[in-house]
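Let's take a friendly first walk through this protein model. Please have the sequence and the 3D view open as you read.

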Amino acid sequence: MSRHRPPPRRANAAIEFVLMLPMMLLLLGGIVDGSLFLVDRHAAVRAARDGTRVGASVVEPPPATGDLIEAKAKLFAERSLTSAGIVPDAVMAEWHTDDDGWSYITLTVIVPHRALFGRYSPFNREIIHSFTMLSQEQGI
């Protein structure tokens, strides 16, 4: 009577690890890439919002001109992005007055997405965020 011995199972864990490693690395890379996208998006949103707020609150020298308001808003947004370590592709500001006499400032920020996977990233390559705010009434 011969005994049947089961095959050794020592290598099963190593084989499973080798098979799962690429998928785990891809998942980890996706998490890091998504996190980088969210950090860049947050910086763009914050810069557009804060730059618009600064532009809307410009009251010096009375009356502030549209060019001065746009310049201060753009400068603040660019400095906000630079302090976050992001070089913006473009920062555009537009100050306008409607027919009823209300003044608005719109700031658009375009920043590149620093993707982990480069062009293979599932996220957009650039982040565009625009913010509009009612400007303070001048001469109060």
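The report below goes from the sheet and its helices to charged pairs and the surface.

## Before you start

This is a predicted model, in which local features need pLDDT of at least 70 and side-chain atom pairs count only at pLDDT 80 or more, while totals for chains, interfaces and linings use all residues. Residues are numbered from 1 along each chain as its sequence is written, and side-chain values use heavy atoms, with hydrogens and water left out.

Strands, like helices, are DSSP runs numbered from the N terminus (E, at least two residues, for strands; H or I, at least four, for helices). Two strands count as paired if DSSP finds at least two bridges between them.

Between β1 and β2, the antiparallel pairing runs over eight bridges. To see one spot in this part of the model, look for W95, which stands opposite I105 in β2.

## Helices across the strands

Next, turn to the helices.

Which residues does S80 touch, not counting residues up to four places away in sequence? They are R46 and A47, where contact means heavy atoms within 4.5 Å. S80 itself is found in helix α2 and is buried, with a relative accessible area of 11%. Buried means under 20% relative accessible area, exposed means over 50%, and partly exposed is in between (1.4 Å probe, protein chains only).

## Charged pairs

Side chains of opposite charge can pair when their charged atoms come close. How many salt bridges does a search of the whole structure find? The search finds three, each salt bridge being a side-chain nitrogen of Lys or Arg within 4 Å of a carboxyl oxygen of Asp or Glu. In one of them, R114 joins D40, with the closest N and O atoms 2.6 Å apart. This pair links distant parts of the chain, 74 residues apart: R114 sits in the loop between β2 (103-112) and β3 (126-134), and D40 in helix α1 (residues 12-56). R114 is partly exposed at 37% relative accessibility, whereas D40 is buried at 0%.

R49, D50 and R53 are linked in a network of salt bridges. The closest N and O atoms are 3.4 Å apart for D50 and R49, and 3.5 Å apart for R53 and D50. Both R53 and D50 lie in helix α1, three residues apart, or about one turn of the helix. D50 is buried at 18% relative accessibility, while R49 is partly exposed at 28% and R53 is partly exposed at 42%.

## A nonpolar patch

A nonpolar patch of about 1,000 Å² is made by F17, V18, L21, L25, L26, L28, V32, L116, F117 and Y120. One of these residues, L25, lies in helix α1. Patches are made of residues with over 30% relative accessible area and no salt bridge; like charges are joined within 9 Å, and nonpolar side chains (Val, Leu, Ile, Met, Phe, Trp, Tyr) within 5 Å. Accessible areas come from the Shrake-Rupley method with a 1.4 Å probe, and for residues only the protein chains shown count as cover.
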